[in-house]
Amino acid sequence: MKQSKKSIVLSYAVLAFATLIVLLPFFWMLVSSFKSQRELFAYPPKFLPSVWKWENYKQVLSAGSISFFQMFLNSMKVTLPVVVLNITFSSLAAYAFARINFPFKNFIFMMFISSMMIPAAVVMIPRFMLFTNLKLVDTYWPLILPSAFGTAFSIFLLRQFFMTIPKDLEEAAVIDGCGKFRIWATIIVPLSKPIIATLSVFLFQGTYNDFMGPLIYLNTDTKFTIQLGLASFRNSFATRYDLIMAGSMLALIPVLIIYIVCQKYIVKGIVMSGLKG
């Protein structure tokens, strides 16, 4: 019994130490956002600033040709449509793969999964040429459309979860006269809140933090997303790391809120999505 208690205490100690190691860069960024540019490069380094500079956040909110709030709205113009459309169309495709029998279903699904192995850099130039010919460069459409109609990862994750839902519920709905679309909307989607919340977090984080896409397709300053806005603090003459740290902390707030709201679904969604193959 004593040995068991010791092992439990040791496990908690190791977990606490690992948590501290993981959170240390976050705390370093937090305190660095209140330092001056000179103090950031002081040697020997100091963890806490000698003078807490709240002016860094004021400069971030008002610096540049576009306000930080406008950059946040621009990021939401891209992120929210991607999340909503991707979840909708991916869940429809996943329901078809999980519940509907049609010719070459397994082969088509394997082709979807195989597409995950294609590096993004391979399709970067063809995709840019496509949107250039469509005259959609310097708009948000090139950032929304590639992910809006479903991705292989989203379809795979949702399909695995849908296969854990008992078929008896669908059979009862069919007896009541429900069609496939109504079964998807009234049974499958409501029972899939854990995986939908989990996937929403992944999509939100990936789209919100995307830097390469906006860098390639957006040219007008007033259309910049947050990630491009943070990059504007770097120029040919100097890099304002103090403002980058403060801006990064502000940009992190929406992601933290999403994680806090959806954290109870994340583990459950990932675990249950792997119960059936």
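Modeller: The largest pocket is lined by 35 residues, and nearest its centre lie Ala120, Arg127, Pro146, Ser147 and Thr151. A pocket here is an open set of points on a 1 Å grid where a 1.4 Å probe fits, with protein on both sides within 12 Å along at least five of seven lines; lining residues have an atom within 4 Å of a point. This is a predicted model: local features need pLDDT of at least 70 and side-chain atom pairs pLDDT 80 or more, while totals for chains, interfaces and linings use all residues. Residues are numbered from 1 along each chain, and side-chain values use heavy atoms, without hydrogens and water.

Colleague: How much space lies in the largest pocket?

Modeller: About 1,100 Å³, as the space filled by probe spheres set on the points.

Colleague: Which helices each supply at least two residues of its lining?

Modeller: α4, α6, α7, α8, α11 and α12. Helices are DSSP runs of H or I, at least four residues, numbered from the N terminus.

Colleague: New topic. How many salt bridges does the structure hold?

Modeller: It holds 2, counting a Lys or Arg side-chain nitrogen within 4 Å of an Asp or Glu carboxyl oxygen. In one, Glu170 meets Arg99 at 2.1 Å, N to O. Glu170 is in α9 and Arg99 in α4, 71 residues apart.

Colleague: Are Glu170 and Arg99 buried or exposed?

Modeller: Both are buried. Buried means under 20% relative accessible area, exposed over 50%, partly exposed in between (1.4 Å probe, protein chains only).

Colleague: And what does Lys223 pair with?

Modeller: Asp138, with the closest N and O atoms 3.9 Å apart. Lys223 is partly exposed at 27%, whereas Asp138 is buried at 16%.
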